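I opened this structure to look up its pockets. My notes follow.

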Amino acid sequence: LRGCFPTYAESLQWLWKTYSGQLNHHLCIYAHPNTAFMGTLGYDMQWRGLIFWVSGEKDGSEPGADSLSERQVMAQIFASLPPNIGMRGFPWAGEGIGLGEGGGVEFCGGYGKGLVCTDHTPNLAVMSGVQIDSLTPPPQPATPLLEADKVYVALTMSDGDNLNTFYDYFRPYFEHSSHGRFPIGWGMGPTILDLMPAVAQWYYEHAQPGDEFLADVSGIAYVFPQTYAERYRDRAKVLAGFLDWTARYMKRLGMATGRPHGGDNDRLSAYAEAIPFMHSIFADYAYAERGYEESVYTLPGGMPVFRALTSWRHGSGGLLREIRDVVGQRRPAFVNAFVHNWTFRMEHLQAAVNGRDADMVFVTPAQLAQLYRKAKQEGIVK
């Protein structure tokens, strides 16, 4: 077929018109042909997923490329597919190549397609053949006593929705000598239970009592809750389906909280109503400069929200500085300390724990929620 079409958009349109009846309408693969397969092409072909790419500023200038036309074709295809289906891959393949992470997630999410990041994740055709119905997380340690003069800090590790991080990246964290010395909340994409369940089992078996797994990021897939399904007339129904899907997998993995990527209180309330067994919601990918009062609060239905209060702006040694800056003299304080996995290693976190202020107490996400609820009940915080 090489040379038969003036543009890639026309070839994609022909492909869908000619073969849509033979392709899987519940799986899409967002993949740049030069970078994104990385061992997953066998899985993509096995399940007959639609493989596509939308060019960006740089690759959009190449012969045959037309980013606007490609988006129009994919909009038509997305509109003809059911909402809340699987989509793998990644919309970025280098600076200016593709729509980029944010642009790609928002474009696909508008049509109810959530991303499961699986670039650089080999051997899925084999690993997905293992069947594990559910996994049991480690038991939680005893919650420390609530003290009105303390700053309680829950470390929450980022980017567990990238399944390649569990394939190899996080293993050194779990094998590090500091693992188990302080509590950590580990973000994990729940579809790991389908794509590589034995890998998830390894992490659950090697987890320490201070480890807690949370649904990362935004639930069953990577989406921006605020704009998810915005192309649908009944977007609330599509979001409800996404959250129902999320709840079912969270139960199977024993998860009791998740990390929505932003979202206003209406969206977070939808999470709380659809997943009532959560102890709280750990929202946001890094601190959004909201201030403490706008980041730690309770939704109208009673669900606590802990928005991220830290980022990576001061580098691997700046975690305690960020906590001090945002908390100030407020006591007690309850901190969702977002940990950027590409910046912080275990030795950096151990250094932060060693250098903590005398009134700082590191806890699990579940413990943070329990302490905050108790402080509310006792009138220590409003």
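**Pocket notes**

I started with the lining of the largest pocket: α1 (8-19) and β2 (50-52) each supply at least two of its residues. Helices (H or I, at least four residues) and strands (E, at least two) are DSSP runs, numbered from the N terminus. This is a predicted model, where local features need pLDDT of at least 70, side-chain atom pairs count only at pLDDT 80 or more, and totals for chains, interfaces and linings use all residues. Residues are numbered from 1 along each chain as its sequence is written, and side-chain values use heavy atoms, without hydrogens and water.

Which element gives the most to this lining? I found α1, with 5 residues.

Next I looked up the space in the largest pocket, about 800 Å³. Its lining has 25 residues, and Arg2, Thr7, Tyr8, Ser11 and Pro33 are the closest to the centre. A pocket here is an open set of points on a 1 Å grid over the protein atoms alone, where a 1.4 Å probe fits, with protein on both sides within 12 Å along at least five of seven lines; lining residues have an atom within 4 Å of a point. A volume is the space filled by probe spheres set on the points.

I sorted that lining by class: 15 nonpolar, 6 polar and 4 charged. Ala, Val, Leu, Ile, Met, Phe, Trp, Tyr, Cys and Pro count as nonpolar, Asp, Glu, Lys and Arg as charged, the others as polar.

Then I turned to the second largest pocket, with about 450 Å³ of space. Leu27, Tyr43, Gly86, Asp194 and Leu195 lie nearest its centre, among 22 lining residues. β3 gives the most to this lining, with 4 residues.
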